[in-house]
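This briefing is intended to be read with the sequence and the 3D structure in view. Please keep both at hand while working through the points below.

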Amino acid sequence: MVPDSVKHRLKPLHGFVGRHPLAIISAMSLGSLTLLFLGWFAADHLDYSHAGSRPSLLELLDQVSQEQGRQLESQPSNSAPKPPYSRSWTSPLARQCSGINPKIRQRLTSLQDRQHSWRSGLTIDPTNFGERHKHDAFGHELDVNPRVVVMHETVYSLSSAVNTFMTPHPRDEDQVSYHTLIGLDGRVLDLVPPTNRAYGAGYSAFLGEWAITNKRFKGSVNNFALHVSLETPKNGANNNSRHSGYTEAQYDSLALVLSGWMNRFNVAPAAITTHRHVDQGGERSDPRSFDWSALQARLASLGELCVS
Ligand SMILES: [Zn+2]
């Protein structure tokens with residue numbers, strides 16, 4: 001409830017906002033840009049202990065324009081918005097046909113043979129996943145084949161992630177899931193069939209592509225993505241920029257999960273990426289402390305990186 005006296009004082013301002021919405025948006029943009037520059041300038045001249053992880057001015061500017069874009073789109077329109085700015089992705093995975101580590105190859109092959117001992121399926125609440133859409137919210141046809149793998153981390157324990165996915169979330173904006181979870185001990189839980197759509201990323205795009213399947217929301221990669229999430233070590237249950245990293249057993253399982261998807265859906269190594277990269281809101285940084293060389297050695301030993 002707003003008191004009448006305040007309403008009275010705000011009346012002229014209200015009228016101005018109604019008559020000049022663009023002026024208000026421009027003033028707000030100018031204000032936030034000024035604050036951004038002042039903040040960036042001040043930060044640049046202070047002795048920051050985490051200076052290495054501080055975002056660059058360009059990254060901050062990108063974030064502001066994205067935030068404004070998100071607000072402006074709060075009113076759904078009937079025509080499809082412009083596709084997102086295409087950020088290029090240079091995969092840290094390199095082509096590799098030789099120099100295979102025989103020990104890793106042997107270990108992974110033997111793990112593969114006894115998959116039933118470390119990999120199982122779990123049924124999560126049906127509100128947390130769905131069908132891949134054949135048409136977007138504007139009636140355009142969509143390719144439902146998964147073609148990008150997005151890696152995440154859970155931040156909290158595996159069991160807390162599972163609890164979240166078991167809980168019904170009737171509101172679209174609360175729904176969350178990954179196709180597959182990998183515990184610190186290498187245990188793999190398949191939660192959503194890869195042919196279905198998991199809700200692993202919100203506002204997101206990969207190489208300029210997203211799908212808008214609900215006019216109330218901005219685009220997302222979910223309709224054509226496979227999501228896999230690594231259980232975060234205990235010292236990572238916070239917002240810090242890094243933690244102690246993932247276990248050898250997790251990298252072994254991850255390589256086997258990815259190898260399966262790459263072969264089944266013809267996913268190229270270059271299409272394995274991170275939530276941090278696909279996120280368009282500038283809010284996600286997972287998976288933190290990820291060791292690409294550990295994944296490189298494993299995928300190479302499985303013969304998955306000898307492609308042109
Ligand atoms: Zn994530």
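This is a predicted model: local features need pLDDT of at least 70, side-chain atom pairs count only at pLDDT 80 or more; totals for chains, interfaces and linings use all residues.

Residues are numbered from 1 along each chain as its sequence is written. The protein contains eight helices and eight strands; helices (H or I, at least four residues) and strands (E, at least two) are DSSP runs, numbered from the N terminus. Of the 308 residues in the protein, 28% are buried. A residue is buried if 20 or more other C-beta atoms lie within 10 Å of its own, exposed if 12 or fewer, and partly exposed in between, with C-beta atoms placed from the backbone. Two residues are in contact if their C-beta atoms, placed from the backbone, lie within 7 Å. Among contacts between residues at least 6 apart in sequence, 77% join residues at least 24 apart.

**Terms for helix packing**

- Axes are lines fitted to C-alpha atoms, for helices over the stretch in contact, and angles run from 0 to 180 degrees between N-to-C directions.
- Angles under 35 degrees count as roughly parallel, over 145 as roughly antiparallel, 65 to 115 as roughly perpendicular and the rest as oblique.
- A crossing is left-handed if the near helix is turned anticlockwise from the far one by less than a right angle, and right-handed if clockwise.
- Ala, Val, Leu, Ile, Met, Phe, Trp, Tyr, Cys and Pro count as nonpolar, Asp, Glu, Lys and Arg as charged, and the others, Gly among them, as polar.

**Helix α6**

- The 18 residues of α6 should span 26 Å at 1.5 Å a residue, and this agrees with its end C-alpha atoms, which are 26 Å apart; the expected span is 1.5 Å times one less than the number of residues.
- Among the buried residues of α6 are Tyr-251, Leu-254, Leu-258, Trp-261 and Met-262.
- Asn-266, which follows α6, has a positive phi, near 60°.

**Helix α6 against helix α8**

- Helix α6 (residues 248–265) packs with helix α8 (residues 292–301) at an angle of about 55°, and their axes are 9 Å apart.
- The two helices, α6 and α8, are therefore oblique to each other.
- The crossing in which α6 passes α8 is right-handed.
- On the α6 side, Tyr-251, Asp-252, Leu-254, Ala-255, Leu-258 and Ser-259 meet Ala-294, Leu-295, Arg-298 and Leu-299 of α8.
- This contact of α6 with α8 has seven nonpolar, one polar and two charged residues.

**Helix α4 against helix α6**

- The axes of α4 and α6 cross at roughly 70° and come within 11 Å.
- That angle makes α4 roughly perpendicular to α6.
- The contact is made by Arg-107, Leu-108, Leu-111 and Gln-112 of α4 together with Asp-252, Ala-255 and Leu-256 of α6.
- By class, the contact of α4 with α6 divides into four nonpolar, one polar and two charged residues.

**Helix α8 and helix α4**

- The buried residues of α8 are Leu-295, Arg-298, Leu-299, Ala-300 and Ser-301, and they pack against α4 (102–113) and α6.
- Helices α4 and α8 pack at an angle of about 70°, with axes 9 Å apart.
- Helices α4 and α8 are therefore roughly perpendicular to each other.
- In this contact, Ile-104, Arg-105 and Leu-108 of α4 are joined with Ala-297, Arg-298 and Ser-301 of α8.

**Loops**

- Thr-90 lies in the loop between α3 (57–72) and α4, and Thr-90 is exposed, with 7 other C-beta atoms within 10 Å.
- Thr-90 and Ala-270 are 180 residues apart along the chain, yet their C-alpha atoms are separated by 7.5 Å.
- Val-155, in the loop between β3 (148–153) and α5 (158–166), has a positive phi of about 70° although it is not a glycine.
- The peptide bond from Asp-286 to Pro-287 is cis, with omega near -5°, and Pro-287 is found in the loop between α7 (275–278) and α8.
- Ser-289 also lies in the loop between α7 and α8, and phi of Ser-289 is positive, near 50°.
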